Amino acid sequence: MSAKHTPGPWKAGSKSVQAPETEDRLGLDVRIYGGNGRDNAANARLIAAAPELLEALKECRANLDPSFYPITCELADKAIAKAVGVAA
């Protein structure tokens with residue numbers, strides 16, 4: 001069984017990403033190193049958006065018919081599995 005991610009809202013800084021403290025989890029502050037300032041900021045924004053992106057993808061996937069969109073469903077299933085830490 002995989003662990004659940006820390007729910008948002010996550011916040012992106014120019015070189016870090018912060019996740020909030022919840023009842024059962026400590027807050028999180030991840031520093032991003034390497035690349036240039038624009039890359040770090042873009043990476044931080046993407047990481048901060050990850051919880052919402054995952055929920056949106058799950059919702060989209062739930063409404064897709066695999067008989068009409070087999071490749072799209074397969075890609076979505078693989079991405080969701082990777083995000084939650086299970087084999088597709």
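**How the terms fit this structure**

Q: What makes the meeting of the side chains of Arg61 and Asp77 a salt bridge?
A: In this predicted model the side chains of Arg61 and Asp77 meet at 2.8 Å, N to O. The pair links distant parts of the chain, with Arg61 in helix 1 and Asp77 in helix 2, 16 residues apart. Residues are numbered from 1 along each chain as its sequence is written, and side-chain values use heavy atoms, with hydrogens and water left out.

Q: Is Arg61 called buried or exposed, and how do you know?
A: The relative accessibility of Arg61 is 18%. Buried means under 20% relative accessible area, exposed means over 50%, and partly exposed lies in between (1.4 Å probe, protein chains only), so Arg61 counts as buried.

Q: Which residues is Arg61 in contact with, leaving aside its neighbours within four places in sequence?
A: Contact means heavy atoms within 4.5 Å, and with those neighbours left aside Arg61 is in contact with Pro66, Cys73, Ala76, Asp77 and Ile80. Among these, Cys73, Ala76 and Ile80 are buried residues of helix 2.

Q: How many salt bridges are there by this rule?
A: The count comes to three. Glu55 and Lys58 both lie in helix 1, three residues apart, about one turn of the helix. Lys78 and Glu74 are also about one helical turn from each other, because they are four residues apart in helix 2.

Q: Why are Glu74 and Lys78 each given the label they have for accessibility?
A: Glu74 is at 44% relative accessibility and so counts as partly exposed, and Lys78, with a relative accessible area of 47%, is partly exposed as well.

Q: What makes residues 70–84 helix 2, and how far does this helix reach?
A: Helices (H or I, at least four residues) and strands (E, at least two) are DSSP runs, numbered from the N terminus, and helix 2 has 15 residues. The expected span of a helix is 1.5 Å times one less than its number of residues; helix 2 reaches 21 Å from its first C-alpha to its last, close to the 21 Å expected. Helix 2 is followed by Gly85, whose phi is positive, near 80 degrees.

Q: How do you know where the buried residues Cys73, Ala76, Ile80 and Ala81 of helix 2 lie around its axis?
A: Cys73, Ala76, Ile80 and Ala81 are buried in helix 2. They cover an arc of only 130 degrees around the axis, which puts them on the same side of helix 2; the arc is that of the directions from the helix axis to the C-beta atoms. The buried residues pack against helix 1 (37–62), whereas the face turned away from the buried side carries the exposed residues Ile71, Leu75 and Lys82.

Q: What makes up the largest nonpolar core?
A: A nonpolar core is a set of buried Ala, Val, Leu, Ile, Met, Phe, Trp, Tyr and Cys residues joined through side-chain atoms within 4.5 Å. The largest one consists of six residues: Trp10, Val17, Ala19, Ile32, Ala44 and Ala48. Strand 2 and helix 1 are the elements that give two or more residues to this core. Apart from neighbours within four places in sequence, Ala44 is in contact with Ala12, Gly13, Ser16, Val17 and Ile32.

Q: How do you know that strand 1 and strand 2 pair?
A: Two strands pair if DSSP finds at least two bridges between them, and two bridges join strand 1 to strand 2 (residues 16–19), which run antiparallel. In strand 2, Gln18 is the bridge partner of Lys11. The open sheet has three strands in the order 1-2-3, with antiparallel pairing. Strand 1 (11–12) and strand 3 (28–31) are its edge strands, since each pairs on one side only.

Q: Why does Asn63 count as it does for accessibility?
A: Asn63 has a relative accessible area of 57% and is therefore exposed. Asn63 lies in the loop between helix 1 and helix 2.

Definitions and conventions: Predicted model: local features only at pLDDT ≥ 70, side-chain atom pairs only at ≥ 80, totals over all residues. Salt bridge = Lys/Arg side-chain N within 4 Å of Asp/Glu carboxyl O.
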